[in-house]
Amino acid sequence: MENNIHSLPTVAMRGLVVFPYMQLNFDVARTASVKAIETASQQNSKIFLVTQRKAEVENPKEDDIYRVGTIAVIKQIMHLPGNVTRLIVKGISRGIIREYESTSPHFVCRVEEINEAPISVTDAEEAYCRVLKNKLEEYFAVNPKLQADKFMSILDIKHLGQLCDTIAAMTELDTEDKQVLLNELNYERRAEELIDRIEHLIDIMELENKIIRKTHERINENQHEYFLREQLHVIEDELGDKDGIGAEVEEFRKKIEKLKIKKEHKDKLLKDVERFSKIPSVSADSGVIRTYLEAVLGLPWDKAKKEKFDIKAVEKVLDEDHYGLEKVKERILEFLAVRSLTKGKNTTVLCLEGPPGVGKTSVAKSIARALGRKYVRVSLGGIHDEADIRGHRKTYIGAMEGRIIAAMREAGVKNPVMLLDEVDKMGIDYKGDPSAALLEVLDNEQNNEFRDHYIEIPYDLSDVLFITTANTLETISQPLLDRMEIINLSGYTAKEKFYIARDYLVKKALVKTGMSDESFSISDGAINMIIDHYTREAGVRKLEQTIESLLRKAAKEMLDTGCGKVSITKRNITDYLGKEKYHFDLMNETDEIGIARGLAWTSVGGETLSVEANVMEGTGKVELTGKLGDVMKESAMAAISYIRSKSDELDIDADFYKTKDIHIHVPEGAVPKDGPSAGITMATAVVSSLSKTPIRRDVAMTGEITLRGKVLPIGGLKEKSMAAYRAGIKTVIIPDKNKCDIDEIPNEIRGDMKFIPVSNMDEVLDNSLRRE
């Protein structure tokens, strides 16, 4: 044999041994392998394929691959999605790596080609060929997976080396066994190794066939059902269900008989139990019926918890859990007093409406605790499918009961306090309107027979005390609003926040962070700074988070420095919380022309609003800036129209709308502003600019203006008054029809401020302009 040395791109094969005379296709994804293939295709299409010792090695080195492989020629290259390359190659001859010329970007090896071209066939080789063919015939006889045409293809092969390689390639040998055969260069020893391995394969296949025959002999058609049932019994024993499905069926029947429901509904459930008993437990329908029966029988059909009707106890619980909210507490006590007198028959649905963090959810919890009833919460925020309320019909895969029935099962009693949280955030789409499904739930004329699509049997919800919460009423449908009594939680005053923080939030944060009064203290001034300059909200949620953040920083300082106590004061609070995040406008230092102080309501409380007006020589243009909404722009135009109609009485040039340009601006131009309540403020600012009359700096105002100068009522007076008080303004002009709202203003603010009710713009100007 004459051997040649070639320099060839080399690919390390994972779990695959390629023999000479063998044609196959395989996929390549590793970068080095792909580059080796590209190099070979650019040269003479010859490539050296050698097997890795361990297939799991991702980036093999020289020691990770065998030395003996196969020189092959690339027949076809296909590029597939996912950076995968598919090759069709044909083995030519054995090769032995003599030297590594390069390892990057891919292996390049000097390979000695082993020339196995036959010179003549010896008698011994011919004998080995016959033995191999006979052994292969035996192997084909016991292995039904092999195709007869493969056996026919080797009958004409006379060269022993080629015959060994062809048979090794088609048999189900391990990678290590195939590599042993590839390493063997002597034909006769290669044939002996191959014969041993084929005999081993034949023994395994005969044993496997024997096992299969014995199994088939034991199982015939008459025994098939028995076999399945025996299997089922074994599975049940393994799962601990020795009594099988019968005990489960009997338990279902007993529970149904005890239910206090109508006979026709019992009959329906018993019919489902009968179906369940006849369906094999391995069937999908069996699981569906079992889940349904467990859901129905898990509901509290007649179990109730005794309700307490001690109003004094309720008042005590509300005072323990919440500071302030006097009006809210009073309304809740009135509601519960009626329930006490009617023995729980008052089924009014309360809706606690207010901005985030004011305590809506905790008020509902307190009501449940005071009444001694179970409390369950159902979150409705973001749901847009009617099935979330009514459940899915059983015909659907993965069907389940709606959230109302699921909450009843969680409560375990038929008279819990159920909080329907975020009722204003439900959506509507092609799956239905969940708010429409809630109409039946909250209507005491209908909810005694609420029918969930999944449960199918009417369920009595009339004993449930429903409480809903919402941040706004604008997104709630009118029919749903009609079924609820609204209790507004508008927010806390700065004083109320201070006491809540000092008496509740700091103590709660100490427990959460593992600290104590001995290791942490915070001054009253620091608490007030957090309220005024680090949070801006109607509730106390951000206040609580800020206090917890403060304690976490204090805890870290104690561990870093080893100090025994951290004290927070007004002087050092910025060291922990950084610079102040919020500032509020204070009263102007002097009376100015064209600057009026308005009042606005926001979702986080009230704000003062500075309205500026400039009058310049021009052609009658009106400019409105400050990111004003359409309603606010219309209020400005209404104010100017009023001024034009009253120009003589206001001592203003009647042609000002022709000769003057008016620019109205509301500072903080990046913040959107809208609403009609700034109407009298803009009118006052424009009158001041046109008449050159200063506006009192200690006066703030709010009210909508009409073309005739009438002042219409507004909302949010409590929050607006609190904003004026915070800014140091002690006089507030309000619409006359808002006088009744003054009682809603906290006593500490109401007693320190003067409210001037007005019904027209003349009264507004008399009380706001500094006329000589």
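This is a short tour of the structure above, stop by stop.

The model is predicted: local features need pLDDT of at least 70, side-chain atom pairs count only at pLDDT 80 or more, and totals for chains, interfaces and linings use all residues. Residues are numbered from 1 along each chain as its sequence is written, and side-chain values use heavy atoms, with hydrogens and water left out.

**Stop 1**

Select R14 and E58. Their side chains form a salt bridge, N to O 3.1 Å. The term stands for a side-chain nitrogen of Lys or Arg within 4 Å of a carboxyl oxygen of Asp or Glu. This pair links distant parts of the chain, 44 residues apart. R14 sits in the loop between β1 (4-13) and β2 (23-28), and E58 in the loop between β3 (46-51) and β4 (68-80). Helices (H or I, at least four residues) and strands (E, at least two) are DSSP runs, numbered from the N terminus.

Now check the cover. Buried means under 20% relative accessible area, exposed means over 50%, and partly exposed lies in between (1.4 Å probe, protein chains only). E58 is partly exposed at 43%. R14 is partly exposed too, at 38%.

Next, go to S45. This residue lies in the loop between α1 (31-42) and β3. S45 is partly exposed, with a relative accessible area of 22%.

**Stop 2: a cis bond and a network**

Zoom to P105. The peptide bond from S104 to P105 is cis, with omega near 0°. P105 is placed in the loop between β5 (84-102) and β6 (107-114).

Then select R94, E116, D165 and R190 together. Salt bridges link these four residues in a network. In total, the structure holds 44 salt bridges.

**Stop 3: the negative patch**

Which residues gather in a patch of negative charge on the surface? Select E137, E138, D203 and E206. A patch is made of residues with over 30% relative accessible area and no salt bridge; like charges are joined within 9 Å, and nonpolar side chains (Val, Leu, Ile, Met, Phe, Trp, Tyr) within 5 Å. Asp and Glu count as negative and Lys and Arg as positive, while His and the chain ends are not counted. The place of a charge is NZ of Lys, CZ of Arg, CG of Asp or CD of Glu. Accessible areas come from the Shrake-Rupley method with a 1.4 Å probe, and for residues only the protein chains shown count as cover.

Colour α2 (123-142) and α6 (187-218). Each helix supplies at least two residues of the patch. E138 lies in α2. Its relative accessible area is 38%, so E138 is partly exposed.

**Stop 4**

Move to helix α9 (residues 263-278). K263 and D267 both lie here, 4 residues apart, about one turn of the helix. Their side chains meet in a salt bridge, N to O 3.0 Å. An α-helix has 3.6 residues a turn, so residues three or four places apart point the same way. K263 counts as exposed, at 59% relative accessibility. D267 is partly exposed, at 37%.

Now select K508 and E544. They form a salt bridge, with the closest N and O atoms 3.0 Å apart. This pair links distant parts of the chain: K508 is in helix α18 (residues 494-513) and E544 in helix α20 (residues 541-561), 36 residues apart. Is E544 buried or exposed? E544 is buried, with a relative accessible area of 17%. K508 counts as partly exposed, at 44%.

**Stop 5: cysteines**

How many disulfides are there? The count is 0, taking a disulfide as a pair of cysteine sulfur atoms within 2.5 Å. Look at C351, which is buried at 0% relative accessible area. Then find C563, partly exposed at 26%.

**Stop 6**

Select K692. This residue lies in the loop between α24 (679-691) and β19 (694-695). K692 has a positive phi of about 60° although it is not a glycine. At 58% relative accessibility, K692 counts as exposed.

Finish at helix α25 (residues 717-726). The helix is mostly covered, with 8 of its 10 residues buried. Select the buried ones: L717, K718, E719, K720, S721, M722, A723 and A724. G728 follows α25, and its phi is positive, near 85°.
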